[in-house]
Amino acid sequence: MKNFAIGAMIAGTTMLSPLVASAQTEVQFWHAFSGRLAELVDAQVADYNASQGEYKVIATSKGNYSETLNAGIAAFRAGEHPQLLMVFEVGTATMMGAKGATKPVFEVMANAGADFDQDAYIGSVKGYFTDTDGQMLSFPFNSSTPVLWVNRDALTAAGIDPDVDLSTWNKVGPVLDQLKTAGSTCPLTTAWQSWIHLENLSAYHNVPFASKDNGFAGVDTELAFNSPLQVAHIQAMGEWAKDGKFFYAGRRNEGGANFRAGECALFTESSAGYAGIKAEAKFGFDVRPLPYWEGVADAPLNTIIGGASLWVMAGHEDAEYKGVAGFLNYLASTPVQAQWHQDTGYLPITTAAGDATRAAGFYDANPGTDIAVIQMTKNTPTANSKGIRLGNFDQIRTIIDEELEAVWAGDKDAQAALDSAVSRGDELLRRFEAASR
Amino acid sequence: MEKRVTFKGWKLPFLLILPQVIVSAVFFFYPAGQAIYQSLFIPDPFGLSSRFVGLGNFEYLFSNRYYLASFTTTAVFSVLVTLCSMIPALFLAVMADRLVKGAGTYRTLLIWPYAIAPAIAGVLWLFMFNTRIGIVSWYLGKLGYDWNHVLNGAEAMGLVVVASSWGRISYNFLFFFAALQAVPKSVIEAAAIDGARFWRRFFTIVLPLISPTLFFLLVVNVVYAFFETFGVIHTITSGGPQQSTTILVYKVFSDGFVGQDLGSSAAQSVVLLVVVGLLSVAQFKFIEKRVHY
């Protein structure tokens with residue numbers, strides 16, 4: 001049955017490929033965007049195609065992140081894969097393990113003779129996608145980092161100064177109490193719980209999420225997110241959930257709807273939530289850095305990214321790789337990158353694009369939009385805060401989701417849930433290790 | 001004495017069954033064989049390399065507490081979906097069968113939900129029961145019941161069962177309705193003259209007479225609950241919370257297509273193949289004896 005499904009998927013993919021009919025060298029680019037973001041990508045592609053006549057990039061949306069990765073994998077097995085494939089950060093280890101299926105970006109750039117200065121890219125952004133020698137394997141495309149979104153009107157309504165200090169969780173606690181007492185049904189909610197409340201929590205406080213430098217140093221890594229710091233945080237969140245101070249809406253960004261509707265006062269979500277919140281919120285909002293716990297030596301260090309990067313797939317013509325190199329350089333160019341950062345709330349991938357945005361006065365006109373950039377770049381990343389690179393990570397996140405849900409529901413305490421998540425996740429890591437041997 | 005129709009020679013009969021044999025071979029035997037073969041390996045997702053592990057994938061599965069729990073979940077889910085889709089369908093069919101006027105309209109309306117794709121049905125139900133904006137959960141809140149299928153496993157199970165059964169009621173209704181129409185009126189009238197009331201006639205005459213249909217639908221619905229409900233589960237709960245709605249086939253999908261663990265996924269397909277095979281044998285062996293053709 002599974003094979004049948006793969007066959008069907010391949011057939012579908014093949015049928016969707018646009019017909020090749022022009023003298024231009026075509027570059028297929030599969031992405032995972034829809035709606036506003038897809039429009040912005042289409043505009044970038046159209047602009048690049050108009051800027052030169054040799055190459056034609058064809059962008060196709062393949063569904064959500066998981067579906068896009070699957071489409072790419074199925075197409076590779078059928079020999080119908082695109083030159084460029086968008087893969088979310090969770091799929092990074094999978095792509096790195098597939099040595100014969102991908103072509104490292106630094107190699108593509110060098111072979112094409114393209115101008116490519118890896119130092120121009122922001123360290124904490126590219127670091128997620130580099131090999132142990134610091135060479136870029138994939139091209140960071142849309143990266144964001146979690147921040148705290150605040151509904152100022154909700155704070156005022158509860159009799160709290162909207163400029164109240166929310167820099168640490170220790171200070172957030174009493175504010176949640178006040179909100180609850182004032183009758184708020186949703187003092188705090190979150191999106192992407194594993195990413196924000198475990199992965200980023202660990203990096204931010206300089207504690208390991210997994211051994212072997214969070215998996216960067218080898219596939220024989222083991223999960224380590226059941227240490228006292230993480231347990232204390234999840235325990236605190238669990239107690240807030242029990243008292244109705246933390247409202248759990250779902251595994252992805254379901255909580256966003258509640259926040260944008262004005263129901264929730266505080267919301268931990270990606271900085272890329274900006275576009276949606278700005279468009280829909282009918283209340284005063286602002287952005288704060290992600291809170292940390294007081295008394296932890298290295299906190300706040302830096303947060304890590306989420307989002308996706310572009311992988312160049314193997315098995316294509318040299319001329320096509322030249323087109324890929326040209327397109328990637330176009331995306332990294334300062335005006336294009338600065339515009340992308342300002343339109344979407346995603347982080348700029350080059351230092352120059354960030355500087356250009358500041359020089360244009362965007363941060364002054366839209367206060368808080370630079371918080372994510374500052375939070376990412378103010379400290380030098382350590383082995384614990386460079387990123388996370390684990391095989392089967394998508395499934396491990398699902399396991400974490402399940403165990404955290406058990407805490408929010410009051411079925412398990414934080415220690416038991418995280419211990420269980422670690423041991424279940426380790427089994428998947430061992431399977432990945434076996435598969436990539 | 002059994003009556004047999006026989007052909008002379010073997011060429012014509014062979015030719016006649018050939019299309020079915022080809023279809024079965026291409027779409028059933030070949031993939032099933034591939035699944036069995038792949039279940040012995042741990043491949044990498046891109047098909048670049050593959051490591052033979054023998055029965056390692058099965059060992060891994062059966063040492064996993066959550067995989068074992070998934071059997072119970074599947075059993076509960078299948079029984080509930082089968083009951084929830086067959087009993088209301090039978091009831092509606094009996095009622096529609098009694099109608100003199102407007103039977104056609106009722107029939108059309110009752111068949112409608114079957115035209116809706118499972119994933120869309122899932123989204124519809126999800127929308128009604130959304131913990132914050134769902135109309136049903138809002139009314140439940142008014143009654144003092146705090147609906148939250150995102151965290152409550154029993155509620156999540158209830159929701160996927162209802163969403164999976166809903167469209168299926170139409171399908172079952174069609175078959176029941178046709179079966180009821182075929183029950184000879186003379187038998188029922190004779191019973192009525194003897195003084196049997198409606199429900200007595202139903203249980204002692206109609207039900208045994210439609211038992212072949214009942215049995216057919218039982219088999220078909222169990223297979224449906226096992227294989228075709230994953231669209232609904234995917235859209236409503238993604239198997240959560242805490243795997244309380246992860247049925248076997250959903251796990252095949254999520255491990256294979258989300259997790260890229262094709263070896264484990266293939267092994268699970270094989271296990272599923274065996275389970276459904278055993279189930280069908282059991283159904284034919286034990287239940288079919290009570291069916292009167």
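The axes of helix α5 (residues 118-129) of chain B and α7(B) come within 9 Å and cross at roughly 135°. This is a predicted model: local features need pLDDT of at least 70, side-chain atom pairs count only at pLDDT 80 or more, and totals for chains, interfaces and linings use all residues. Residues are numbered from 1 along each chain as its sequence is written, with chains lettered from A and ligands numbered from 1 in the order written.

Visitor: Why is α5(B) called oblique to α7(B)?
Guide: The axes cross at roughly 135°. Angles under 35 degrees are roughly parallel, over 145 roughly antiparallel, 65 to 115 roughly perpendicular, and the rest oblique. Therefore α5(B) is oblique to α7(B).

Visitor: Which residues of α5(B) and α7(B) meet?
Guide: Contact means C-beta atoms, placed from the backbone, within 7 Å. Pro118(B), Ala121(B), Gly122(B), Trp125(B) and Phe129(B) in α5(B) meet Leu159(B), Val162(B), Ala163(B), Trp166(B) and Gly167(B) in α7(B).

Visitor: How do you know that the span of α10(B) is close to the expected one?
Guide: The expected span is 1.5 Å times one less than the number of residues. Helix α10 (residues 211-227) of chain B has 17 residues. From first C-alpha to last, α10(B) reaches 24 Å, close to the 24 Å expected.

Visitor: What makes a residue of α10(B) buried?
Guide: Buried means 20 or more other C-beta atoms within 10 Å of its own; exposed means 12 or fewer, and partly exposed lies in between. The buried residues of α10(B) include Leu214(B), Leu217(B) and Tyr224(B). The buried residues of α10(B) pack against α3 (65-98), α7 (153-182), α12 (248-258) and α13 (262-287) of chain B.

Key:
Helix = DSSP H or I, 4+ residues; strand = E, 2+ residues; numbered from the N terminus. Contact = placed C-beta atoms within 7 Å. Axes fitted to C-alpha atoms, helices over the stretch in contact; angles between N-to-C directions.
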